Amino acid sequence: MASGILGSVSPLANTDTTVYTVPSGKLAVLTINACNTSAVAINLRVSLSSADTPVAGEYIEYNVTVPSGGVIERAGVVLNATKKVVVQATSVGLNINVWGVEE
């Protein structure tokens, strides 16, 4: 059973980026954290997706503003096997971390 930090990225601007994929045959309980280290506000999208490119209905955050120096966090996210956490930011400067437990 894996636990701790399961994925970390600093996504490119306006690019869907997969942070973490639940392994086949596993279930994961996650916290998703986005920290803005830039000097400007950045809009963020977060989806719980079946593919690397999300579709309507898979977003849990859509163009939410993360202020300079700010943090957005979602805890208690439960995903089944092969589901993905996919993010997109309007600018560079966000650090996205996913941590939790796989079972």
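Leaving aside its neighbours within four places in sequence, which residues is S38 in contact with? In this predicted model, in which local features need pLDDT of at least 70, side-chain atom pairs count only at pLDDT 80 or more, and totals for chains, interfaces and linings use all residues, the residues that answer this description are S68, G69, V92 and G93, contact meaning heavy atoms within 4.5 Å. Residues are numbered from 1 along each chain as its sequence is written, and side-chain values use heavy atoms, with hydrogens and water left out.

S38 is found in the loop between β3 (28-36) and β4 (42-49), where strands (E, at least two residues) and helices (H or I, at least four residues) are DSSP runs numbered from the N terminus. With a relative accessible area of 18%, S38 is buried; buried means under 20% relative accessible area, exposed over 50%, and partly exposed in between, with a 1.4 Å probe and protein chains only. A polar atom of the S38 side chain lies 2.8 Å from the backbone oxygen of V40.

The strand β3 is largely enclosed by the rest of the structure, because 7 of its 9 residues are buried. β3 runs antiparallel to strand β6 (residues 71-79), to which 8 bridges join it, and two strands are taken to pair if DSSP finds at least two bridges between them. Within this pairing, N33 has E73 of β6 as its bridge partner. β3 also pairs in the antiparallel sense with strand β8 (residues 94-102), over 9 bridges, and there the bridge partner of I32 is V98.

An open sheet is formed by 4 strands in the order β2-β7-β4-β5, with antiparallel pairing. Since β2 (17-21) and β5 (59-66) stand at the edges, each with a single partner strand, one side of each is left without a neighbour in the sheet. From one strand to the next the twist averages 20°, with axes taken as lines fitted to C-alpha atoms (for helices over the stretch in contact) and angles running from 0 to 180 degrees between N-to-C directions. The antiparallel pairing of β2 with strand β7 (residues 84-89) extends over 4 bridges, and Y20 stands opposite V85 in β7.

The loop between β4 and β5 holds A56, which counts as exposed at 75% relative accessibility. The C-alpha atoms of A56 and G100, which are 44 residues apart along the chain, are separated by 26 Å.

The structure holds 1 cavity of 30 Å³ or more, a cavity being a set of points, on a 1 Å grid over the protein atoms alone, where a 1.4 Å probe fits but cannot get out. The volume of the largest cavity is about 30 Å³, a volume being the space filled by probe spheres set on the points, which are joined across faces, edges and corners.

Apart from its neighbours within four places in sequence, E61 is in contact with L44, R45, V46, I72 and R74.

Terms used
A polar contact is a pair of N or O atoms within 3.5 Å; within protein, one must be able to donate a hydrogen and the other to accept it, and residues adjacent in sequence count only if both atoms are side-chain atoms. On a 1 Å grid over the protein atoms alone, a cavity is a set of points where a 1.4 Å probe fits but cannot get out, and a pocket is an open set with protein on both sides within 12 Å along at least five of seven lines; lining residues have an atom within 4 Å of a point.
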